[in-house]
Amino acid sequence: MTVETREEDAIRGVVERLASAYEKTRTPEQVEAAVATAHAAFSERPVRDFVPVLVERKARALLNEASG
């Protein structure tokens, strides 16, 4: 499995976790948009190992910011 495939799988997992966590306050499309925005912020980073964790944190912050 390539690094890109592992990262894509991990990002899908982030979307699923956040969609479940925010199901009462956010649409799946809003969650996907937050994850896409967060993921784009790390597109030029050479080390990819921690990108999914960082994406999840940033997406949560974006989703919380939008609600509060």
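Start with Arg-60 and Glu-56 in helix α3: they sit 4 residues apart, so about one helical turn separates them. In this predicted model, the two form a salt bridge, with 3.4 Å between the closest N and O atoms. Arg-60 is partly exposed, at 31% relative accessibility, whereas Glu-56 comes out as buried, at 15%.

At 43% relative accessibility, Arg-17 is partly exposed. As a general point, side chains of opposite charge can pair when their charged atoms come close.

How many salt bridges does a search of the whole structure find? The count is 4. One of them joins Arg-48 to Glu-7, with the closest N and O atoms 2.7 Å apart. Here the arginine comes from the loop between α2 (28–40) and α3 (51–67), while Glu-7 is in helix α1 (residues 3–21), so the pair ties together parts 41 residues apart in sequence. Arg-48 is buried, with a relative accessible area of 19%, just under the 20% cut-off for that label. Glu-7 is buried as well, its relative accessible area being 11%.

Stay with Glu-7 for a moment. Which side chain does the side chain of Glu-7 meet in a polar contact? That would be His-39, at 2.7 Å. Setting aside residues up to four places away in sequence, Glu-7 touches His-39, Arg-48, Val-51 and Pro-52.

Now for the nonpolar side of things. The largest nonpolar core has 14 residues, and those with the most contacts inside it are Leu-18, Tyr-22, Val-31, Val-35, Val-55, Ala-59 and Leu-63. Which elements give two or more residues to this core? They are α1, α2 and α3. In soluble globular proteins, nonpolar side chains tend to be buried together.

Ala-59 is a handy place to look around from. Leaving out neighbours within four places in sequence, Ala-59 is in contact with Leu-18, Ala-34, Val-35 and Ala-38.

That brings us to α2 itself. Val-31, Ala-34, Val-35 and Ala-38 are the buried residues of this helix. They cover an arc of only 95° around the axis, which means they lie on the same side of α2. The length of the helix checks out as well: at 1.5 Å a residue, the 13 residues of α2 should span 18 Å, and the end C-alpha atoms are 18 Å apart, which agrees.

Notes:
Residues numbered from 1 in each chain as written. Predicted model: local features only at pLDDT ≥ 70, side-chain atom pairs only at ≥ 80, totals over all residues. Heavy atoms only, no water. Salt bridge = Lys/Arg side-chain N within 4 Å of Asp/Glu carboxyl O. Buried < 20%, exposed > 50% of the residue type's maximum accessible area, 1.4 Å probe, protein only. Core = buried A, V, L, I, M, F, W, Y, C linked by side-chain atoms within 4.5 Å. Contact = heavy atoms within 4.5 Å. Polar contact = N/O pair within 3.5 Å; in protein donor to acceptor, adjacent residues only side chain to side chain. Expected span 1.5 Å × (residues − 1). Arc of directions from axis to C-beta.
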